[in-house]
Amino acid sequence: MKIALKIGNRLLFLFLVSSFISEEKMDEKTKQVNKTGFVVLELFTSQGCSSYPPADKVLEKYALQDNSNSIPLAFHVDYWNYLGWKDPFSKAKFTTRQHEYAVKMESNLFTPQLIINGKYELIGSKENEIQNIVLNELILYWLRKRTLLQLKEARIKVYKKQIMLLYMT
């Protein structure tokens with residue numbers, strides 16, 4: 001419970017601070033996003049899930065960055081509430097949202113599950129994999145905006161300080 005309150009207070013603080021950002025600052029961020037793209041990270045989690053804290057820490061890193069390229073969201077599902085600990089942040093509509101992704105992606109419901117841009121799903125604590133997908137999504141956006149190629153997919157592979165771009169037109 002202390003962890004949840006601590007994180008909740010940070011997110012509340014971020015919300016309050018972001019409420020006072022000037023329009024000029026917002027215009028700057030909007031221009032940056034239009035140039036570089038953005039990534040939506042949706043974490044489906046529950047305080048009743050033992051794997052919740054590590055995944056929440058990964059999402060928190062994205063929330064604490066002053067980076068308009070990432071939009072981190074946490075959705076607390078209600079299907080673990082029967083275990084004796086009712087997650088106070090859980091909502092049935094979040095479980096429904098996760099279920100819709102599971103149908104679309106032909107995957108299972110689990111926590112902590114992270115959906116990135118509605119296209120990728122993985123365990124929410126796999127920080128390196130998340131970082132690679134985020135980077136790939138932003139690079140793909142950037143390439144589409146700046147090249148004449150009609151890219152369907154692009155992947156970045158980093159190996160021993162070398163970067164390889166794999167793409168499909």
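Start by selecting Arg-97: this residue is partly exposed, at a relative accessible area of 34% (buried means under 20%, exposed over 50% and partly exposed in between, with a 1.4 Å probe and protein chains only). Arg-97 and Glu-42 form a salt bridge, with the closest N and O atoms 2.6 Å apart (the term needs a side-chain nitrogen of Lys or Arg within 4 Å of a carboxyl oxygen of Asp or Glu). Arg-97 sits in helix α4 and Glu-42 in strand β1, so the pair ties together parts that are 55 residues apart in sequence.

A word on what you're looking at: this is a predicted model, where local features need pLDDT of at least 70 and side-chain atom pairs count only at pLDDT 80 or more, while totals for chains, interfaces and linings use all residues. Residues are numbered from 1 along each chain as its sequence is written, and side-chain values use heavy atoms, leaving out hydrogens and water.

Next, switch to cartoon (helices are DSSP runs of H or I with at least four residues, strands are E runs of at least two, numbered from the N terminus). In what order do the strands of the open sheet run? The order is β2-β1-β3-β4, 4 strands with mixed pairing (two strands pair if DSSP finds at least two bridges between them). At the edges are β2 (70–76) and β4 (120–123), each pairing on one side only. Select 39–45 for β1, which pairs with β2 in the parallel sense over 7 bridges. Glu-42 turns up again here, opposite Leu-73 in β2.

Now bring in the helices. Residues 52–64 give you α3, which packs on the sheet and touches β1 and β2 (contact means heavy atoms within 4.5 Å). Its direction makes about 150 degrees with that of β2 (axes are lines fitted to C-alpha atoms, for helices over the stretch in contact, and angles between N-to-C directions run from 0 to 180 degrees). Helix α4 (92–105) lies across β1, β2, β3 (113–116) and β4, at about 115 degrees to β1.

How many salt bridges does a search of the whole structure find? There are 3. For another, select Glu-127 and Lys-61, whose closest N and O atoms are 2.9 Å apart. Glu-127 lies in helix α5 (127–146) and Lys-61 in α3, so parts 66 residues apart in sequence are tied together.

Last stop: Glu-137 and Lys-119, a salt bridge at 3.0 Å between the closest N and O atoms. Glu-137 is buried at 8% relative accessibility, whereas Lys-119 is partly exposed at 45%.
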